[in-house]
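Subject: Structure handover

Hello,

Here is the structure I promised to pass on.

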Amino acid sequence: MSAEDAPILIAPPGEIAAPANEQIPAPVKGRSLWDDAARRLKRNPAAMISLVVLGVLVLLALLGPLLWVHNVDTIYRDRVAIAPTWANAHWFGTDAQGRDMVARVLFGLGISLMVGVVATFVSLVIGVLWGATAGYLGGWVDNVMMRIVDVIYTVPFIFFVIILMVTFGSNIFLIFVAIGAVEWLTMARIVRGQAITLKHKEFIEAARASGASSWRIITRHIAPNVLGAVIVYATLNIPVVILAESFLSFLGLGVQEPLTSLGQLISGGSKYMDRAPWLLIWPGATMFVTLLCLNFLGDGLRDALDPKER
Amino acid sequence: MTALVLRRLLVAIPTMFFVIAAAFFLMRAAPGGPFDSERQLAPEIEQRVKAAYDLDKPVTVQFGLYLQKIVTGDLGPSLKYKDKSVADIIAEGLPTSAVIGLTSMIVALGLGVALGVAAALRQNMPQDYVVMGLALIGVCVPPLVMGPLLSLVFGVQLAWLPTSGLSRDQYSFRHLLLPVITLALPQIAIISRLMRASMIEAMRSNAVRTARAKGVPEAGVVWRHALPVAILPIVSYLGPAIAGVLTGSFVIESVFQLPGLGRQFITGALTRDYTLVMGVVILYAGLILLLNLLADLLYRALDPRVRT
């Protein structure tokens with residue numbers, strides 16, 4: 001990648017007229033915003049360990065149910081609610097119906113992660129479009145759009161998610177949409193703020209003055225600068241969504257059988273916790289590790305992508 | 001200040017209208033109705049019951065009638081509980097929810113601010129790491145896990161505290177302890193992290209440097225110069241914190257079997273008790289608007305820069 005291609009905070013060198021007759025030095029390999037961020041992230045041990053652990057968790061959630069000796073919904077009538085044991089490879093024990101907990105935790109982890117990622121993506125799309133439009137157009141459009149955000153912001157979201165789930169019956173796609181549809185507000189505010197600040201930045205003016213097209217300005221200058229904040233927010237939003245889904249599961253409004261999620265397993269386990277604490281502890285611990293890693297990674301990404309914040 | 005209050009009231013009207021309309025039409029769109037039960041009613045009786053509650057009219061007409069009613073402060077009768085108005089049911093559940101919610105907020109603010117300041121003043125020392133480590137755990141252990149876990153350890157294993165059975169008329173310390181801790185923990189964690197960051201920034205500010213140069217004793221620097229500035233982000237976090245406690249209280253009430261509003265809301269939504277659901281939504285939305293306004297007024301009182 002040449003310096004010319006790299007998104008940088010000053011106008012790319014190609015757009016500054018070079019003094020005539022002076023020898024132009026051979027293009028130096030530029031260090032882009034992303035190279036810088038990656039370098040800073042690599043120096044953050046907590047974030048890097050979290051990244052590795054998350055990678056392992058994702059792999060386990062994807063491959064675990066296929067490779068693990070027990071099936072998610074196989075019922076062992078002779079081995080109901082047994083404590084964790086090496087025998088028969090019930091490492092996390094079995095649940096009250098006699099299903100293997102390792103298989104269920106891995107499967108639930110996959111669903112929880114999927115809910116987190118997809119719902120965050122939904123909120124991202126709505127939030128970025130809304131915020132960018134408001135920030136870019138400005139004026140009364142901005143005013144109206146952001147007042148709408150203010151209004152929705154004061155509404156306690158849990159009510160609406162509960163009413164939505166009751167209204168349309170709970171299925172996993174609705175969970176994506178319902179949670180995504182209430183989590184986009186912060187995203188919209190962040191993107192709008194960024195869009196407004198960037199619009200008046202000198203390097204944008206410089207690019208415009210040197211004849212860069214709108215397309216080039218948006219893709220080369222605005223997008224990379226907004227993307228940082230978007231990625232950070234998205235990473236930190238995934239744990240929020242996973243928690244929200246677990247709330248819903250606890251209230252009986254989350255994902256439904258035959259699907260299961262960590263929240264579902266936790267709420268199921270809490271009913272038997274005095275007799276079979278492993279039903280609460282293993283899904284709880286898995287969720288804890290997942291949320292911890294996502295938070296560490298999100299904090300690390302924020303420090304890496306936006307060093308001013310520190 | 002009067003201008004701010006007036007402006008907020010002007011925004012509050014469309015907000016409340018939006019909340020009421022959205023909740024109303026969503027609830028009506030839900031399949032089933034409040035009078036579907038195991039026992040099949042004769043069609044003409046069902047017709048009569050529906051007519052008594054105006055449920056036989058078109059939804060838009062019902063909405064108009066409902067608005068007319070609530071403007072006069074009447075939340076209507078419950079559709080599920082015979083002989084009880086929505087106001088009665090709310091009056092039964094609200095005290096429990098309010099006691100738990102308020103105590104949790106006070107505990108969260110007190111402990112969160114204290115821990116955050118302590119960590120900031122010992123930045124990068126073992127005390128700081130311990131507090132921030134605990135705070136991170138507080139953020140990552142969901143109340144769903146923390147609640148049952150605490151009641152397993154302290155209620156069942158050690159048998160120190162009751163796990164459930166808070167009655168409506170007596171709020172004993174022992175009954176409140178576990179629910180309040182569970183509800184406050186995530187907020188303590190968030191507030192202490194916020195407080196630490198803003199306190200560190202405040203301690204590096206020019207105002208603090210000037211105060212030190214003037215010879216103000218260190219305690220005075222912390223209390224009189226750094227803290228009033230550093231507390232501001234916490235004041236603006238009050239709104240989201242209130243919403244967080246509210247959301248959490250739904251789960252806490254289920255875990256510890258508390259007879260609060262959250263559980264009434266969920267039962268109401270599941271049994272299609274339209275008026276009860278609407279009543280709780282209106283109450284909470286109004287409460288949040290009011291508390292946000294109070295937080296803003298507090299912010300203005302504390303920060304002379306936003307006073308105009």
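Below is what I found, starting with confidence and ending with a single residue.

This is a predicted model, so please begin with pLDDT, the predictor's confidence in each residue. Chain A has a mean pLDDT of 77. In that chain, 86% of the residues reach 70 or more. Two stretches need care. Residues 1-8 of chain A have pLDDT below 50. The model still gives this stretch 20 contacts beyond near neighbours in sequence. Residues 11-20 of chain A also stay under 50. For them, the model has 14 contacts beyond four places in sequence. Where pLDDT is low, the predicted coordinates should not be read in detail.

Now chain B. It has 12 helices and zero strands. Its C-alpha atoms fill a box of roughly 85 × 55 × 30 Å along the principal axes. Of its 308 residues, 37% are buried. Take the contacts in chain B with a separation of 6 or more: 74% of them join residues 24 or more positions apart.

Next, where the chains meet. The contact takes 31 residues from chain A and 35 residues from chain B. On the chain B side, six helices each supply at least two residues: H1 (2-29), H5 (126-140), H6 (143-157), H10 (232-255), H11 (261-270) and H12 (274-302). H1(B) gives the largest share, nine residues. By type, the chain B side has 31 nonpolar residues, four polar and no charged.

The largest nonpolar core holds 150 residues. Within this core, A:Val161, A:Ile162 and B:Val277 touch the most other members. Leaving out residues up to four places away in sequence, A:Val161 touches A:Ala178, A:Ile179, A:Val182 and A:Leu248.

Finally, look at A:Leu280. This residue sits in helix H10 of chain A, residues 278-305. Is A:Leu280 buried or exposed? A:Leu280 counts as buried because it has 24 C-beta neighbours inside 10 Å, and the cut-off for buried is 20 or more. Which residues is A:Leu280 in contact with, leaving aside neighbours within four places in sequence? In chain A, they are A:Ile266, A:Gly269, A:Ser270 and A:Met273. In chain B, they are B:Val145 and B:Pro148. A:Leu251 lies 29 residues from A:Leu280 along the chain, and their C-alpha atoms are separated by 16 Å.

Best wishes

Notes
Residues numbered from 1 in each chain as written. Chains lettered and ligands numbered in written order. Predicted model: local features only at pLDDT ≥ 70, side-chain atom pairs only at ≥ 80, totals over all residues. pLDDT = per-residue confidence, 0-100. Contact = placed C-beta atoms within 7 Å. Helix = DSSP H or I, 4+ residues; strand = E, 2+ residues; numbered from the N terminus. Nonpolar A, V, L, I, M, F, W, Y, C, P; charged D, E, K, R; others polar. Core = buried A, V, L, I, M, F, W, Y, C linked by C-beta atoms within 7 Å. Buried ≥ 20, exposed ≤ 12 C-beta atoms within 10 Å, placed from the backbone.
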